[in-house]
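Reader: I'm new to reading protein models and could use a guide. Could you walk me through one, feature by feature?

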Amino acid sequence: MASSSDASSALAAAAAVGKKRGSYNCGRCGLPKKGHVCAVAGEEQKPPRRALHFDEAAPPPPPEKKVKMEVVEVDSSSSEEEEREARGWVEVGGGRRVPGEVVVEVMRRLPPRGVAASAAVCRGWRGCARRVWRAAAELRLRAAGVPPVGALLPRCPALSRLVLRMESDIDATMLACVAFSCPNLQYLEISMVGSAANRMTGDELTRFVSEKRSLSVLKLDGCSNLSFLNISSSSLSTLWLSDLSSLLKSVINCPNLNELSLGFTQQNNDSTDLISLMDSLGRTCSNLRNLHISSIHLCNEAVFALESANLRGLCMLSLILGSKITDAAVASIVRSYASLDLLDLSGSSITDNGLGMICKAFPHTLTRLLLALCPNITSCGVQVATSQLPLLQLMDCGKSLCANSQPEAERSYFGEIYGGIKFCSKLPIQRKQQPNYQKLIIKHASLKKLSLWGCSALDALYVNCPELSDLNLNCCTNLHPERLLLQCPSLKDVHASGCRDMLIGAIRNQVLNEFASAEPRVPCKRLADGSKRVQVPHFMLEQQFEEEKWGSGLKQSQCTVHLS
């Protein structure tokens, strides 16, 4: 009995100990714990979160980690070990391992920033990234300065094509970095983003081209600091230079050059001698095939000098923004070249007569004709061009057919008052000229792209082009919806930004076939007098269903109308 009483007392004591609660007071300051934040120094405590109130400021989010394109220098022994590890099995997380070749193929599809970030994961991934850099033949990079480019290019010894978009100013340091790090470079393109400036000079560019004997394509943007051009290379085949200004000397000695593009700034103080530049091309670039010159100082004399250059093999000629180019220059072009594939005279002052000369000279070769910003051509000339050029695939007449709604200039007459002469305005009320609206009819079997942007003089348009896929009607403000007819079954894109709502609705109804699919298939037909209906024969219904089954019936168009 004594033993049983002792056991029961022990169990009761254990139960009492198990039900014992903690203290309701703080162990440091002695105040009640409920809703209490201890002010006594100790471990750092976070304020309690209240259930229905979130008036406390949320903790700031952790700073976003920016991927820095930095290459860390390591020992050669460790890099070789990492590459050996990358050729084997590489861990990808969760205890899974895949062949290193798979990781390399995935990294090849990543942008440069992604490859640089992957190299910081582990040794195996770093070895795979190193293999990607070493095998890279083409690199497209957007950088904010020379340091990231200089850190990355030495890791790409096989690089042959380099495209850089610079967000900060560059100078000869960039050319020196590229020349030192890419000995086998064949293609170099540098473009500027935003307000970034290109501060390269003519001497530095001349030295770079002469040292890179494997370079075949060079494209530079923002070349406003080149005071002269003296480029000599036997390997260069394509040269693009934009934003040129006031060249004191222009010598391009490249016997194998096929394509030349020179874009000048639109400044009236540009003192470049375009006549001597054109004349020298025949002696130094005899194999030229494509020529593009953009300058507001282009004139007939410059085109005459190009005729004396004797570039008989020219296939593409683009002379834009030359408002002083007239039909005389067109006659010179017709005499000089026999097989032009592209002709761009946008911004010139040619007329329908010059357009007729172009059609007679190149009916079997010309496929692209661009005559944007040519105010002296009319819809009649455009219709003649499309009818006499059967191989034409692209036609651009943007901003050429414009309605002239400018008010008449104030006319004056002479009045003699007290022996003097006084100019008096005729009437204080100004009358606006009636705009001369035009209609355009284009029927062509091969035309694929037609641009009529800004043609405010058009009030009627009929286009019948079975191969047309792109039509630009932006800002055709005076085009009537009732006078628009588009018969283009292959149309994919129609641009109608700035058009009236009724015109946009008419375009949608014609190109999207919104009402064609909604027509009911009624098996009956009304007679000629309209008196009664008769049943359509059953074999005709079977034929119609069979055509729709095999896809030869009417299909809804997949055209897209762009409004922005």
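Author: Happy to. Keep in mind that this is a predicted model. Let's start with Cys 499: its sulfur lies 5.6 Å from the closest cysteine sulfur, the one in Cys 476, and that is too far for a bond.

Reader: How many disulfides does the count come to?

Author: The idea is to check how far apart the cysteine sulfurs are, since a disulfide needs them within 2.5 Å. Here the count comes to 0 disulfides. Cys 455 is in no disulfide either, as its nearest cysteine sulfur, again that of Cys 476, is 5.5 Å away.

Reader: Are Cys 455 and Cys 499 buried or exposed?

Author: For that, you look at relative accessible area, and buried means under 20%. Cys 455 has 0%, so it is buried. Cys 499 has 10%, so it counts as buried too.

Reader: What share of the residues in the protein chain is buried?

Author: Of the 564 residues in the protein chain, 38% are buried. As for the surface, the chain exposes about 32,800 Å², and carbon and sulfur atoms supply 54% of that.

Reader: And how many helices and strands are there in the protein chain?

Author: The secondary structure comes to 15 helices and 26 strands. Among contacts with a separation of 6 or more, 55% are between residues 24 or more positions apart.

Reader: Next, salt bridges. How many does the structure hold?

Author: To spot one, look for a side-chain nitrogen of Lys or Arg within 4 Å of a carboxyl oxygen of Asp or Glu. The structure holds 11 salt bridges. In one of them, Arg 161 pairs with Glu 138, with the closest N and O atoms 3.7 Å apart.

Reader: Where do Arg 161 and Glu 138 lie?

Author: Arg 161 is in strand β4 (residues 161-166) and Glu 138 is in strand β3 (residues 138-143), so the pair ties together parts that are 23 residues apart in sequence. Both partners are partly exposed: Arg 161 has a relative accessible area of 32%, and Glu 138 has 39%.

Reader: Which residue forms a salt bridge with Arg 142?

Author: That's Glu 167, and the closest N and O atoms are 2.5 Å apart. Arg 142 lies in strand β3 and Glu 167 in the loop between β4 and α7 (172-181), so this pair ties together parts that are 25 residues apart in sequence. Arg 142 is partly exposed at 41% relative accessible area, and Glu 167 is partly exposed at 40%.

Reader: Which residues do salt bridges with shared partners join into one network?

Author: Glu 105, Arg 108 and Arg 109. The side chains of Glu 105 and Arg 109 meet at 3.4 Å, N to O. Glu 105 counts as partly exposed at 33% relative accessibility, while Arg 109 is exposed, with a relative accessible area of 65%.

Reader: Last topic: rings. How many aromatic pairs does the count come to?

Author: In general, you describe a pair of aromatic rings by the distance of the centres and the angle of the planes. In this model the count comes to 0 aromatic pairs.

Reader: Which charged ends sit over rings, then?

Author: We meet Arg 161 again: its charged end sits over the ring of Tyr 187, 4.0 Å from the ring's centre. The charged end of Lys 219 sits over the ring of Trp 240, 3.8 Å from its centre.

Definitions and conventions:
Residues numbered from 1 in each chain as written. Predicted model: local features only at pLDDT ≥ 70, side-chain atom pairs only at ≥ 80, totals over all residues. Heavy atoms only, no water. Buried < 20%, exposed > 50% of the residue type's maximum accessible area, 1.4 Å probe, protein only. Helix = DSSP H or I, 4+ residues; strand = E, 2+ residues; numbered from the N terminus. Contact = heavy atoms within 4.5 Å. Areas by Shrake-Rupley, 256 points an atom, 1.4 Å probe, with all protein chains shown as cover. Phe/Tyr/Trp six-rings, centres within 6.5 Å; stacked < 30°, edge-to-face > 60°. Lys NZ or Arg CZ within 6 Å of the ring centre and 35° of its normal.
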